[in-house]
Amino acid sequence: MNGLLIRDLAQVATPAGASAPLRGPALREIDLTSDGYVLCDEGRIAAVGRMRDLGPLESDVDELDGRGLSAIPGLVDCHTHACFAGDRVEEFSLRAGGATYEELHARGGGILSTVRATREAGPEGLAASLAEHVGWMLAAGTTTFEAKSGYGLDRETELAQLRAIRDAGGVPTWLGAHALPPEFTDGGADAYVDFLLQDVLPEAARLAEAADVFLERGAFNAAQARRYLEACKASGLRLRLHGDQFTEAGAIPLAIELGAVSVDHLEATGPAGIEALAASDVTGVLLPASALFLNRPLPPGRALVDAGAAVALATDFNPGSAFCESLPLVCSLAATQMAMAPEEALSACTVNAAHVLSRADRKGRLAPGYDADLVLVGAADWRHLAYHLGGPVVDTVVAGGRIAWSRRA
Ligand code: NIG
Ligand code: FE
């Protein structure tokens, strides 16, 4: 046995339901074991139970003392833009002075300033930046992350981003249709979509698992998004959309029609969109840190859950609209700003997020056979994950049955 026993845990908490995505009341069902243990073997969870039921172990099992701690599944961040170079602290200051995100973007700042920095970084610089960001995410409890391209907007840099994400162990999503690059200012968005589909898609489809598009005024319209997504689907990619961030521009109907996995943001979604999403198989990915960072309305998380929609929570970690890699903070925002119970927040950033990434059979729950990815929360009640706003809630992170990060180290 190549094992790790985490023993004497005050609590082991895991989403109860295995049939992802969880919806409605099932989203808040948590299996709770007090005075428990988790046994990992060969990178998988072998057993979860109460200490008093723990039988004799083989001699070569390492032990980790869990006294005073609680275990939850490793967190799954299903929406990030973690592969970027540089920062946007200057823009952050301008926004604090009253400039808006959309104004800065229209003036050639915003996303396009990160495009300039990312193109200049080159593959090695990009890998180094991503490695730093992955370290931050891991220390915040994220053991599985998705990351998007979308800061290259030329063939070479888009593909370099996807390779860097894959090499860093992330789940790559091709976001070629993120913004219009300067080379296409004259040709316009239709010509840029032509270029993406002809010159980049064939290789991007080999590197990425999904495609994403920013469907919004000032970015891509519904017709352009449809053309891009249909071609990506035909190349075998799963579909995702940035939708309803500032305006309802048709993202939800398009996502449903094309069988997308998710539509993400939803800050501007109204009652009809909530109803349509709830009746569909599309997961709504809520990004409250982005809404907070841009001082925008929070997405209607409570209404979506009550309507029966499948929802996930993610950070949207990026240098412009959400310089935040912390899913625990996102859980705090879900609880305090969207009236989601800590239990709902936990399911939304574990099992449901794993579903968005097509990994719900292996990730997002603490049960035999699942990957041995865990967060040890530094409190005897796991709900400190959401309760301790911005606090040092992550004590230790286990990934693939090994200690990957520890506050005590
Ligand atoms: O999800 N809205 C579009 N894209 C990102 C932001 C990217 C950026 O500002 O660099 C988002 O918020
Ligand atoms: Fe995003």
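This briefing covers aromatic pairs and salt bridges in a predicted model. Local features require pLDDT of at least 70 and side-chain atom pairs count only at pLDDT 80 or more, while totals for chains, interfaces and linings use all residues. Side-chain values use heavy atoms, with hydrogens and water left out, and residues are numbered from 1 along each chain as its sequence is written. A search of the whole structure finds eleven aromatic pairs, and the structure holds 28 salt bridges.

**Aromatic pairs**

- Rings of Phe, Tyr and Trp (its six-membered ring) are paired if their centres lie within 6.5 Å; planes under 30 degrees apart are stacked, those over 60 are edge-to-face, and the rest are tilted.
- Among the eleven aromatic pairs is that of Phe317 and Phe323, which is tilted, with 6.1 Å centre to centre and 35° between the planes.
- Phe317 is buried at a relative accessible area of 0%, whereas Phe323 is partly exposed at 40%; buried means under 20% relative accessible area, exposed over 50%, and partly exposed in between (1.4 Å probe, protein chains only).
- Phe84, Trp136, Phe317 and Phe323 are joined into a cluster by ring pairs.

**Salt bridges between strands**

- A salt bridge places a side-chain nitrogen of Lys or Arg within 4 Å of a carboxyl oxygen of Asp or Glu.
- Lys148 and Asp212 form a salt bridge whose closest N and O atoms are 2.8 Å apart.
- This pair links distant parts of the chain, 64 residues apart: Lys148 belongs to strand S7 (residues 142–148) and Asp212 to strand S9 (residues 210–214). Strands (E, at least two residues) and helices (H or I, at least four) are DSSP runs numbered from the N terminus.
- Both Lys148 and Asp212 are buried.
- Arg240 and Asp264 form a salt bridge, with the closest N and O atoms 2.7 Å apart.
- Distant parts of the chain are linked here too: Arg240 lies in strand S10 (residues 238–243) and Asp264 in strand S11 (residues 262–265), 24 residues apart.
- Asp264 is buried at 0% relative accessibility, and Arg240 is buried at 1%.

**Salt bridge within a helix**

- The side chains of Arg226 and Glu230 form a salt bridge at 3.6 Å, N to O.
- Helix H6 (residues 222–234) contains both Arg226 and Glu230, which are four residues apart, about one turn of the helix.
- Arg226 is partly exposed at a relative accessible area of 29%, and Glu230 is partly exposed at 39%.

**Salt-bridge network**

- A network of salt bridges links Arg44, Arg362, Lys363, Asp371 and Asp373.

Technical notes: Chains lettered and ligands numbered in written order.
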